[in-house]
Structure formats: C-alpha cells, structure tokens
Amino acid sequence: MVTFSEENFNALCQQVAFLQDNLISSRETIHTLVQEVNVLKSVSAAVVNRKLNSGITSIGDNLDSGDTAWMMTSTAFVLFMSIPGLALYYGGMAREKNVLSTVMQTFTITCLITIIWLCFGYSLSFAPAVPATRSDYSLKHDFQVYGDASRFWLRGMHLDSYHVNAPTIPESVYCAYQLCFAIISSGLICGSFAERMEYKALIAFTILWHITVHCPLAHATWHPYGFLFEAGALDYAGGCVIHIASGISGLVCAVYLGKRDGWHPGNQEFEPHNILLTLVGASMLWLGWYGFNGGSANASNERAGYAILMTQISTSTAAMTWMISEWVVRKQPSVLGIVSGAIAGLVAITPASGFVDATGAFIIGLLAGPACYGGAQLKHYMGYDDSLDAFGVHAVGGILGSLLTGFFVTDQVADPINGVFYGSTKNGGMQFALQLYAVVVSVVWSAVCTLIILILVDATIGLRVSLETEQMGLDMSHHRESIGSSSVHSDRLQRSSHLVFQPVSANQSTTIVLDSQSQNDDDFNLGEIAVESVEVVPQSDENETAATKV
C-alpha cells in the first residue's frame, strides 16, 4: 500500500491542476486551429467556385514545365507502342500472306480511334475535366460509367485548360496521352481474330467497341466520378481498362469467328513467319511501356520513376519464368517464348506498378511468366483459335496483376493502403475484394458488350472472310499487296491476270483462282474435276480477272 504525506499530496494536486490548465489551453488552441482551417477551406472553396462559375479553368501558376515535358515524352512512347511496336509484334507472328493486313489493322485503328476521340471518345471517358461547382469533392455518384458531353469535339478545351487528374500539365497533353491508351486498347484485340476478319467489319467493330467498352471502363476506373474509382479499386495504368478488356474481348471474338481454315494444335503452317520482327516489336513495346506506366503518374515525380523501375523488374522476371516453363514442358527454350514472357510481365505489372515495391514487382513477374504461358496453351486443349495469344497474355496477365495488387500494395508507395502480404489482413482483404470486384466488372462488361457488337456487325455487313479469301491471304485479297518481290502472290499480281473457275451447278459456290499465264502444270492442275465446257470471257481492263466457267 502506497502512502502520501500531506506535503506530497499537495504537490501532486498542484501538478494535476497544472496539467488540467495545459489541457484546457491545448483544447482552446486546437479549437482555434480548426476554426482557421475551416475559414481557409471556405475561402478556397469560394475561389474554386468563383473560377468555375465564371468559366475560368486555366492552369495558371500550376503549370509545371518538367511535368509537361515528361508527359509529352510519355505520349510519344505510348504511341510508339502501337506504331510500329504492336504492328511489328503481331506482324512477325502472322503468316506471310497476312503480314500486311495485320499491320494495316493496327495502323487503321490508330487513325480511326483518333477521329473518334476527337468527336466524343475523350468526353465520354474523361469529362468533366474539372469538378462541378461545389466544395464537397467526396459526393458519391450513382454508378456513373460515362462522362458528360462537355468535351464533344474537344469544345471547352483551351490552350491553358487542365484536367483534374493532371493539374500541372495542359489538358491537351493529358488528352493526347489518354488517346494513345485508347489506341492500343483496341489494337490488342486484333491478335485474337488475326487472318480471318473482314476489313470493313474491323472498322465497324472498332468504333462500337471503343464507345461501349473502352470509354465506360476508362471513366469508371480513372475519373474521380467513376464508380470503380469511388469504390477504391486500384488500377495504376490499365490492368482492367486496357488488358482485361482487350484480352476478354479477344477471346469472345476468337470463339465467335471460329478457327482459321486448317488450324489445329501443332500445325507448322501456322507458325510465325518472322520471329525477328516479333522480337523487334516486343523490344519497342518494352521501351514504350516506360511511358505507359511511368507516365501514368501524370507528372515527373518520384512515383513515375518508381513505376519504371518496378516495370523493369517484373518484365525481366516474367521473361525468365516463361522461358523456364517452356524449357521444362517443351525441352527447349525459344525466342518467341522469352519475348512473350516479357510482354506478360509488362501486362501483369501495369495495374500495380505505382502501388507496389520491389518485392511485389518481383513476385508478380515470377507468377506472370508461368501463368500466362499456361493461358496461351489453353487454346490447344479447349479448341479456340486465339491467333496471336491476345487472351493468353493480356487477359490472364491483366487479371493476375490486378488481383495481386490487392496483396502487394504497400503504404510505403501508396500511403495509407497496405495489402494482405504486409500483414494488413482486414484492410488488405478489403482491398483484395475491391480488386476482385473491378476484375469481375471488367470481364463481364467486356464479354457481354463484345458479343453484342459481333452479333450486330455479323448480321449487317458480315464478319468473317470467305474460305477462298482466307486461303489466298488477306494481303492480296483485301489490299492487293504483298511483302517482297519474292512472294508468289506478288509475282503473279505483277505478271498476269487470273482465271476464275466457277462450277456450273447452282448449288456450288466454290471459286478457284488460278494464274492464266502460269507455265507450271502444277499451278493449273484441276485434280479430279470433270470439265464439261470452258468459256473464257476476256475483260477490257487487264487488271480485271478473266471469267472462266467450268
């Protein structure tokens, strides 16, 4: 039992009284500070509202020349990913008779999406550029999936206007940067339906897909009013918006269109025609990804540099683990394998690059290699023809990276969020649930919208090329061009017209195209076809074909 003398008791009372006085004083000080902060907030809100109500949305003193220079460079990097990066990457994996049509698709999409972006794509994705006239920025919105019409035809965008997502750079730079994301998002899908979709169908599909899939997902995920953004889902540079959307849509296209003529697992006729082109294209994609992930900071800051380093770590790790997986399964490593692994690592780190540390980046790459290798092999067991592995790499990698973001996000990079891996079971588990929510929304939205678009386009203008066109190759049939003078098709186009043989029977529709001036009997072999009569009708134009009835 502790006893106190009267003197000690009086001293203790004095100390308690002193502490009580200090506490009261501190409370008064805190109350005064809170009042001052509220005054400042009111003044700031009044200034913002006055600017908005008067139509003043200029960047003013907030303009940062360093941020602007980096974002302009990143824009060039991301465009470089599509042309020539993606074009060469896909072109090298296509068969020789379809190389030009494959690169033509990427180039066409680049031009087409730019025009759509000007008309309404940017507005549907990222409008309004500045907040509404209110001081409460935390107001929730009811499942907002589209932006408003305030930036149709880019009206309202001025030389010094800015976007709320990037307040230190001109809005024109932010618009151009996000345009390049929209371009490659549509371009990636082509890898699933390569060598068998009509060119006019590609144009119609791209327009509708951009409006119904990319724009709503971009707004929902990246705009402050988007429902996924408000929910708290993390997607640093496009795991859901770009890779899951394009990969899932590619799978739906591959299944709906069906397999290429003669395709089956292990058929050597469908091997890449030039792996060197694919390697060069993949290297360009890797370089461009520095702007893809590094630029997603929307500024030249510490997060941009960190995202670039995490990208490098994940990419290199995934390239090695894909190669090792292939080595174990096929007993040999391949150039195409290590290249594909690098792309898988780039895809998987995309949603996480600005939120994870080196440990997270390494593990994401470690898992992305074998996971995407397995994803690319699924077509051999399930029977769908994902021509250039858009689903196997981009959908699988995007889903993996988005989910693992919930595990490896760290408050050292993305304060104050900690993932499950760092011991935050409650908060980290909630973040993982949010990541799963975003993945499910992206998968379902992309799949359903893509299927509806395919049905609509198929019912109106048709989707798939004819068997004869596919066998000839889309380079010649669609564009009357071919790579190199050594190509058989190019040589025939230069030196002769063609004979079109049509069976007399009305219930047959097969058309055989043969060289009318061929000196090789094998080129003119009709096999077992019984010829009853031959009528050659010459055309006035030497470039037209001569119609021959058999």
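**Contacts, core and rings**

Guide: Among contacts in the chain between residues at least 6 apart in sequence, 76% join residues at least 24 apart. Please keep in mind throughout that this is a predicted model.

Visitor: What share of the residues of the chain counts as buried?

Guide: The secondary structure of this chain comes to 16 helices and four strands, and its accessible surface is about 25800 Å², with 61% of that belonging to carbon and sulfur atoms. Of the 550 residues in the chain, the share that counts as buried is 48%.

Visitor: Which element gives the largest share of the largest nonpolar core?

Guide: The largest nonpolar core has 93 residues, and those with the most contacts inside it are Tyr89, Phe193 and Phe292. The largest share of this core amounts to 14 residues, and these come from α4.

Visitor: Is Gln178 buried or exposed?

Guide: Gln178 is found in helix α4, which spans residues 171-193, and, leaving aside its neighbours within four places in sequence, Gln178 is in contact with Trp117, Phe126 and Trp222. The cut-off for a buried residue is under 20% relative accessible area. Because the relative accessibility of Gln178 is 6%, this residue counts as buried.

Visitor: What kind of aromatic pair do Phe126 and Tyr174 form?

Guide: The structure holds 18 aromatic pairs. In the pair of Phe126 and Tyr174, the distance is 5.5 Å centre to centre, with 80 degrees between the planes. The pair links distant parts of the chain, since Phe126 is in helix α3 (residues 99-126) and Tyr174 in helix α4, 48 residues apart, and both Phe126 and Tyr174 are buried. Planes over 60 degrees apart count as edge-to-face, and the pair of Phe126 and Tyr174 is accordingly edge-to-face.

Visitor: Why is the pair of Phe408 and Phe421 tilted?

Guide: Phe408 lies in helix α12 (residues 390-408) and Phe421 in the loop between α12 and α13 (425-460), so the pair ties together parts that are 13 residues apart in sequence. Phe408 counts as buried because its relative accessibility is 6%, whereas Phe421, at 43%, counts as partly exposed. The ring centres of Phe408 and Phe421 are 4.9 Å apart, and the pair is tilted because the planes are at 50 degrees.

Conventions:
Residues are numbered from 1 along each chain as its sequence is written. This is a predicted model: local features need pLDDT of at least 70, side-chain atom pairs count only at pLDDT 80 or more; totals for chains, interfaces and linings use all residues. Side-chain values use heavy atoms; hydrogens and water are left out. Helices (H or I, at least four residues) and strands (E, at least two) are DSSP runs, numbered from the N terminus. Buried means under 20% relative accessible area, exposed over 50%, partly exposed in between (1.4 Å probe, protein chains only). Contact means heavy atoms within 4.5 Å. A nonpolar core is a set of buried Ala, Val, Leu, Ile, Met, Phe, Trp, Tyr and Cys residues joined through side-chain atoms within 4.5 Å. Accessible areas come from the Shrake-Rupley method with a 1.4 Å probe; for residues, only the protein chains shown count as cover. Rings of Phe, Tyr and Trp (its six-membered ring) pair if their centres lie within 6.5 Å; planes under 30 degrees apart count as stacked, over 60 as edge-to-face and the rest as tilted.
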